[in-house]
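Student: Hi! Could you walk me through this protein structure?
Tutor: Happy to, let's open it up.

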Amino acid sequence: MALLTVTITGSMTEAQEFQITLSPAEGGRAIAAAVATARQHPAVPVQIRLQAGTYYLDQPLVFTAADARPANAPLTLEAAGDAPVTLSAGRRIHAQWTPYQRGIFQTPVPADAAFDQLFVNGQLQHLARYPNYDPSARPFHGSSPHAIDPARVRTWKNPVGGFVHALHGASWGSYSYLITGVNPDGTLQLEGGWQNNRPGKMSAKYRMVEGIFEELDAPGEWYLDRTAHILYFMPPKGVDLDRAVIEVSGFDQAVDFAGSQKHPVTHITLRHLRIMHTARTFMKTREPLLRSDWRIYRGGAVTIVGGQDITIDGCTFDHVGGNAVFVSDYNRRIVVEHGLIDGAGASGVCFVGSVSAVRNPLLSYGQSLSYDQIDKTPGPKTPDYPADCRVEDCLIHDIGRVEKQVAGVEIDMAARITVSHCSIYNCPRAGINIGDGCWGGDVIEYCDVFNTVLETGDNGSFNSWGRDRYWHLRQAPAEDLPALARLDTVEPNTIRNSRWRCDHGWDIDLDDGSSNYRIYNNICLHGGIKNREGYYRIVENNIMVDCTFYPQVWFVHSQDVFAHNIVAQAYRPALMYHWSKGIDDNLLPDPASLAQSHKWGVDQHSIAGQPRFVDPSRGDYRVQHDSPALKIGFKNFPMNEFGVTSPGLRALAQTPALPDAGPAPKSGPAQPAVSWRGATLKKLTGLGEQSATGMDSQRGVLIVSAPSGSEAYALGLRRGDVILSCAGQPTNTPAAVAQAWARALQSRKPVPLEIWRRQQQTTLTLNPRSPSR
């Protein structure tokens with residue numbers, strides 16, 4: 001065991017502080033030995049101080065209930081000074097490079113070095129891939145519909161062990177597959193594709209392949225021959241391999257807090273450490289999170305189970321392979337603060353409870369319950385979930401390098417999680433995601449979230465679902481649903497005083513069933529606010545700078561409020577049959593927008609006009625003293641409190657692009673609605689209608705209405721359906737539907753009608769010889 005340098009303040013029997021100082025030369029084992037030593041002194045504060053350098057761990061550092069401390073005698077593992085201290089879950093390779101060919105070098109590696117991430121002088125390199133890595137390309141930094149074409153596969157001698165990554169067919173995240181073989185026709189044999197909880201086909205367009213030796217053809221690419229134990233690498237220009245530090249990934253986790261509710265790990269802090277070299281975990285992402293779109297792997301570079309008063313303070317997570325921090329099952333008062341998460345393979349910080357704590361859990365989108373089946377007791381069934389936790393003053397960016405169903409902060413089956421003063425950007429999907437209504441009380445405040453949904457679709461900088469036990473409940477009295485919606489979201493979630501920008505979705509996206517939200521004092525720069533069906537959403541005193549409000553598919557008796565807001569464009573509803581009188585006292589951009597709202601029966605006391613911002617070119621969207629917004633009850637709020645607060649993090653953090661200071665852009669002309677067989681049809685256009693119907697793209701013809709007495713209804717069509725084809729002919733306009741139907745009538749044969757209903761494709765067979773034709 002490594003020798004420890006021990007400093008004691010006070011006598012051994014009455015010590016006021018116990019301090020252990022380690023150097024990198026003592027290695028990762030010395031840290032575990034120091035932790036064991038600290039267990040012998042549970043009544044005094046203990047500091048384990050690491051001098052500058054890299055500590056390679058031979059196994060994850062584990063804290064158990066045996067390491068639990070009282071509040072007055074905490075344990076701190078920290079950097080001894082300002083110089084970087086790295087905890088490495090991997091190892092250093094002492095390479096012996098020799099030229100191979102085509103600018104590629106080779107070196108033997110230890111037989112047990114089965115790694116999937118390579119770092120040269122601290123910089124992540126790219127596993128040999130097609131297409132080649134392009135930092136400006138999305139998704140996957142390069143993709144191609146031909147990535148796994150048989151013609152290309154035939155050029156690979158042995159692709160077994162490589163990986164295929166592809167977007168979900170509807171861009172709701174991604175899939176990953178292990179290549180296990182090649183069929184005689186040149187197609188690949190694949191294992192995987194379980195990473196998304198909304199099963200579907202992989203995208204035919206957005207695919208990439210990696211870990212193929214023949215694709216090693218660009219500087220910065222590498223390949224590991226696991227049979228011969230040889231690493232091949234094409235170094236970037238300027239890299240001197242004779243002097244380069246070569247490091248590789250190892251374990252999934254660097255630090256593991258392994259407690260339980262009965263035996264928690266308590267009062268331990270990690271401070272000012274850099275954590276690196278954890279392995280990628282995308283093939284372990286399998287567990288469904290209720291009826292959300294997510295599946296997850298319950299692990300991170302730091303994993304906390306059964307923790308109380310655990311703090312991750314000022315730590316950097318540098319290109320870890322999967323999640324950075326994962327807080328799983330029972331946890332209380334976990335704090336992640338003043339930290340940097342850069343380049344994580346999956347999510348930043350995850351708070352995910354146990355399904356065992358949920359009443360009436362359902363794990364698949366298509367599942368539902370009947371009214372008489374549900375437990376009507378509010379709240380959780382057990383305490384096995386994170387609660388009263390906080391992420392504060394953290395910079396989280398460029399996450400989701402591998403997995404695309406990720407978030408800067410993910411909250412699922414948890415309660416009272418606060419995300420405050422965080423800057424989150426460059427994300428393939430949401431910046432912050434709340435996966436269900438269990439159990440509310442979350443507070444999102446003073447955050448700066450932008451450049452999100454960069455590689456996927458139908459999501460937002462903030463995204464939520466509320467597919468809780470009330471959602472799609474069968475045989476439930478409509479008047480009971482508002483109360484049932486709060487069985488799981490027992491406390492309201494709050495989104496306040498934050499700045500949002502999403503150019504590929506919504507700034508704030510309350511999707512399926514999201515209920516019991518308070519949304520106020522937010523700046524929405526581009527994507528606006530979407531409220532799909534749900535109950536008790538109070539949206540007040542927000543500014544939509546060059547965007548608007550997107551109500552979709554609201555329930556009757558929704559109890560929703562949208563008031564005292566500034567919007568730059570007319571609302572953009574989709575499949576709205578039940579409006580709320582709580583939409584009122586807003587500032588709309590012009591009389592035409594106001595008149596349209598009046599036709600919908602809302603905004604009876606709202607007014608039209610320009611808001612007269614103080615200095616929009618500098619992001620100051622407070623209104624001047626003579627602004628008409630003041631007449632509808634709008635109140636100014638601070639514009640300089642978004643994002644991280646630590647000077648070091650503020651120096652690193654980016655900020656969002658601001659919209660032009662001129663008038664808001666006008667939306668294009670609305671697609672006309674036409675009558676057909678008693679139904680009202682229109683071409684499906686816009687992200688709003690695509691999202692409201694759950695379509696995979698903007699195509700087909702939307703049935704706006706199909707009254708029960710109409711021929712269309714008798715034929716089996718319903719409002720909200722999307723007609724995709726008629727008799728094998730694509731139908732992208734109402735005229736195309738009418739023409740295809742007319743041809744089918746002449747044939748006097750049954751007509752197959754491909755439609756999209758309840759977020760899946762199905763076929764109706766219509767009989768044109770019916771007397772009602």
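**Strands, a cavity and a helix**

Tutor: Let's start with a strand pair: β8 and strand β21 (residues 246-248) run antiparallel, joined by three bridges. Keep in mind that this is a predicted model.

Student: Which residue is the bridge partner of arginine 92 in β21?
Tutor: Arginine 92 has glutamate 247 as its bridge partner there.

Student: What's the order of the open sheet of four strands?
Tutor: The order is β8-β21-β11-β12, and the pairing is antiparallel. The edge strands are β8 (91-93) and β12 (123-124), and each of them pairs on one side only.

Student: How about the open sheet of five strands, what's the order there?
Tutor: That one goes β9-β10-β20-β19-β13, with mixed pairing. At its edges stand β9 (98-101) and β13 (126-127); each has a single partner strand, so one side of each is left without a neighbour in the sheet.

Student: How many bridges join β13 to β19?
Tutor: Two bridges, and β13 pairs with strand β19 (residues 221-225) in the parallel sense. Within that pair, leucine 127 stands opposite tryptophan 222 in β19.

Student: Okay, new topic. How many cavities of 30 Å³ or more are there?
Tutor: There are four of them. The largest cavity holds about 120 Å³ of space.

Student: Which residues are closest to the centre of the largest cavity?
Tutor: Those are Thr285, Arg295, Glu403, Gln405 and Val406, out of 19 residues that line the cavity. Two elements give two or more residues to the lining: β16 (174-182) and β26 (295-296). The largest share, three residues, comes from β16.

Student: And how does the lining of the largest cavity divide into nonpolar, polar and charged?
Tutor: Eight of the lining residues are nonpolar, eight are polar and three are charged.

Student: Let's zoom in on glutamine 405. Where does it lie?
Tutor: Glutamine 405 sits in the loop between β34 (395-397) and β35 (409-412).

Student: Why is glutamine 405 classed as buried?
Tutor: Buried means under 20% relative accessible area. Glutamine 405 has a relative accessible area of 6%, so it counts as buried.

Student: What does the side chain of glutamine 405 reach?
Tutor: Its side chain reaches the backbone oxygen of aspartate 293 at 3.4 Å. A polar contact of 3.4 Å also joins the side chains of glutamine 405 and tryptophan 294. Leaving aside neighbours within four places in sequence, the residues in contact with glutamine 405 include Trp172, Asn196, Arg429 and Trp465.

Student: Last one! Is helix α6 mostly covered or uncovered?
Tutor: Mostly covered: six of the eight residues of α6 (residues 686-693) are buried. The buried ones are Gly688, Glu689, Gln690, Ser691, Ala692 and Thr693.

Student: What covers the buried residues of α6?
Tutor: The covering elements include β44 (506-510), β59 (679-683) and β63 (751-757). Just after α6 comes glycine 694, which takes a positive phi of about 75 degrees.

Terms used:
Residues numbered from 1 in each chain as written. Predicted model: local features only at pLDDT ≥ 70, side-chain atom pairs only at ≥ 80, totals over all residues. Heavy atoms only, no water. 1 Å grid on protein atoms, 1.4 Å probe; cavity = no way out; pocket = protein on both sides within 12 Å on 5 of 7 lines; lining within 4 Å. Points joined across faces, edges and corners; volume = space filled by probe spheres on them. Nonpolar A, V, L, I, M, F, W, Y, C, P; charged D, E, K, R; others polar. Buried < 20%, exposed > 50% of the residue type's maximum accessible area, 1.4 Å probe, protein only. Polar contact = N/O pair within 3.5 Å; in protein donor to acceptor, adjacent residues only side chain to side chain. Contact = heavy atoms within 4.5 Å. Pairing = 2+ DSSP bridges.
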